[in-house]
Amino acid sequence: MSSHFTFFPDEHKPIEGDTTKMNMMQAINNAMDITLKTDSSAVLFGEDVAFGGVFRCALGLQEKYGNDRVFNTPLCEQGIAGFGIGLATAGATAIAEIQFADYIFPAFDQLVNEAAKCRYRSGGQFDCGGLTVRAPCGAVGHGGLYHSQSPEAFFSHAPGLKVVVPRGPISAKGLLLSCLKERDPCVFLEPKILYRAAAEEVPTASYEIPLGKAQVLKEGDAATLIGWGTQVHVLLEVAQTAQETLGISCEVIDLMSILPWDEETVCNSVKKTGRCLVAHEAPLTSGFGAELAATVQSECFLHLEAPVARVTGWDAPFPHVFEPFYLPDKMRCLSALEKLIHY
Amino acid sequence: MALRSGVSFLRFHALRSSSRLLSTHTRPEVQQNGKKIAEFPGAKAPYVTEMKILNETSYEPIPIYRVLDNNGDVLINSEEPHLDKEVLLNMYRSMVQLNQMDKILYESQRQGRISFYMTNYGEEGMHLGSAAALTPQDLVFAQYREVGVLLYRGMTMTELVNQCYGNHEDPGKGRHMPVHYGSKQHNIVTISSPLATQMPQAVGAAYAFKRTPNNDRCVICYFGEGAASEGDAFAAFNFAATLECPVILFCRNNGYAISTPSSEQYRGDGIAARGPSMGIHTIRVDGTDTLAVYNAVTKAREMALQNKPVLIEAMSYRVGHHSTSDDSTAYRSLEEIQKWTTDENPVQKFRLYLERKGLWNEEAENTLVKDSRNFIVRTMQEAEKKKKPHWKEMFEDVYYDKPFQLQKQMQEMEEHLKKYGEHYPLDSFQKE
Ligand SMILES: Cc1ncc(C[n+]2csc(CCOP(=O)(O)OP(=O)(O)O)c2C)c(N)n1
Ligand SMILES: [Mg+2]
């Protein structure tokens, strides 16, 4: 089954030094390996994690660190999240794996009502910053209703959480290491189609990519294209095609952090280009694009040449055989970009 | 206003506690074997002066009910259910069809013809034993590995294969991943992926049945021993018991939840032990013994219709990989799989039973296997040729009436496809 995007590997190296060719699954494995090695309080757990997890991100880690540090839990997401909050409350670093982001909802109460509000409701006495919840998200070509969702917007509505989405091996390793050191609980959503999509030259040493900061991946002046996760690759291809066919140069931003998000980078870019397109796989209504669009219009109003465009999944559940018609693919983004330019 | 209601609350509270005080005063002391029985609202039990600590060895393991031995012989004659020849043959035919369907569809996923598949090997006895004990009006909530139940209730191979292909004859209209079957006509609620969600739902449906005059329907809810760890499972047990619902909670304990062995899933005496502790009638049965399962579900159904919920834990072994996304040799040995495939094979046991009764023989077996295989291959080839539903089906059934936003979005896609249709696989989908 062919995928709906072309992978654009990262060219920029976050740090100097040795690199190893890794796909995103290996980069995530590497980040957890570093944490388990350097932080003796760190534990990694979830459904089927002992044998490496269904996407193999934890492969070999139980053999290396023992079954008291890398282990299976019973099949219960609310348990996994609550157990992780408890570990973090007691000072440990908890790396909790939810098997699919589609199955994170039984843990919603623990994450939204407990993890997010832990520091606030205790007057700053307690926190569960040591918790990072990892979950594979997004379209894979054949996942249907319950193996495709992108729930970032649900968590973006929970002050106290940090929500992060990597776009490939290099960003995954750096962002995950940041989440694991972060003083606030993090939800780390891994676009599962990228696990084995392609490899990058990933620095072998430990490094962190700051949370709350977006990255400008390509500079341009005609329009600002904003995405995260897999969608970044769609937008990079859109920018490339727009250059070739429309002769325009677009700026492409990977938001990376959904909550809190990098208003400064986004608004500076839109003030420069005067046009903004946001694209995400999750449905349109109350998708995170709505938040970006509202902020951009209030912060950049006098610079805008056209209303902010949103290209997203439709307001329907994620459908199995209709996936090619559901996704905000290259052609839908290009067509929206064209309208944006000729507004 | 605030003050007034505060006062009346106080007064009400005082009244209530004084009446409670009164009633305990007037009640005589309860004694049992000379021991005083506590009357806490939460427990009525004797007081003792020696501290008692209970653990999983405080009780005998819950025994596993069997009718057949490994050679298909009935162990105790009085336990043999007297099923019609046709019923027995139907049960067996469904098992063989199921095995053939699993073999061929599993292979077709390997060849990239369907996107996903899950086999049912090792669990056929639970499917057919339970299905035969129900009526077509009973409502089924399934997990996903219960296809034998669906076949026995009359879902056709064609419907099932169409679902896996997501073509325009798929009753689910291509929206769900393969193996997420459902049929209103056969009282099978469409399967959903999030585990254990069907369990409290099944209990709610049972409560609705209970409230219908002269109710003669029950609900059966299938779930894995892994799914039983979800909070929803506890909710289902507790609601079923407290609200006294006509429901059979049928656990398929096949030893694994993907790679997680049951030894890491729970401690204590399995899922069955949870039943009595929550006030639910409970039966543990050998899931590889079709007749034992039949008897257990028959009895359970009888009790359920008296609004006594029943938990059945059927013990078995997941012989196949979890799904086409799994390679189970990464976490269990071939010997282990082999042992369960040969020694406790439910299809084999049931076949031997039929042969002993003179209802089945080698020739019948060969014909059935060959016919089933041919039929499924043909069905698959036909399913493959059928177009997927019109892309507009993506926007249907989200709501009963399509809201304005969705109408707008559908229109947007329509205009987009007019212009850029060549970039989409429109040829594989039905046209207007
Ligand atoms: C809420 C939820 N969490 C995780 C999953 C992923 N998952 C699918 S099947 C499965 C194992 C289920 O095991 P069990 O209930 O024992 O059923 P079996 O596969 O053995 O028939 C898991 C973890 C899911 N579908 N839903
Ligand atoms: Mg199981």
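Why does N254(B) count as buried? Its relative accessibility is 3%, and buried means under 20% relative accessible area, with exposed over 50% and partly exposed in between (1.4 Å probe, protein chains only). The views below come from a predicted model, in which local features need pLDDT of at least 70, side-chain atom pairs count only at pLDDT 80 or more, and totals for chains, interfaces and linings use all residues. Residues are numbered from 1 along each chain as its sequence is written, chains are lettered from A and ligands numbered from 1 in the order in which they are written, and side-chain values use heavy atoms, leaving out hydrogens and water.

**View 1. The magnesium ion (ligand 2) and its donors in chain B.** E225(B) (OE), N254(B) (OD1) and Y256(B) (O) coordinate the ion at 2.1 to 2.2 Å. Donors here are N, O and S atoms within 2.8 Å of the metal (3.2 Å for Na, K and Ca); water is not among the atoms, so sites may look incomplete. Along the chain, the donors are spaced E-x28-N-x1-Y. Y256(B), with a relative accessible area of 10%, is buried.

**View 2. Helix α3 of chain B, residues 124-132.** Welcome to a mostly covered helix: nine of its nine residues are buried. Among them are M126(B), H127(B) and L128(B). Helices (H or I, at least four residues) and strands (E, at least two) are DSSP runs, numbered from the N terminus.

**View 3. Where chain B meets chain A.** The contact (heavy atoms within 4.5 Å) takes 47 residues from chain B and 38 from chain A.
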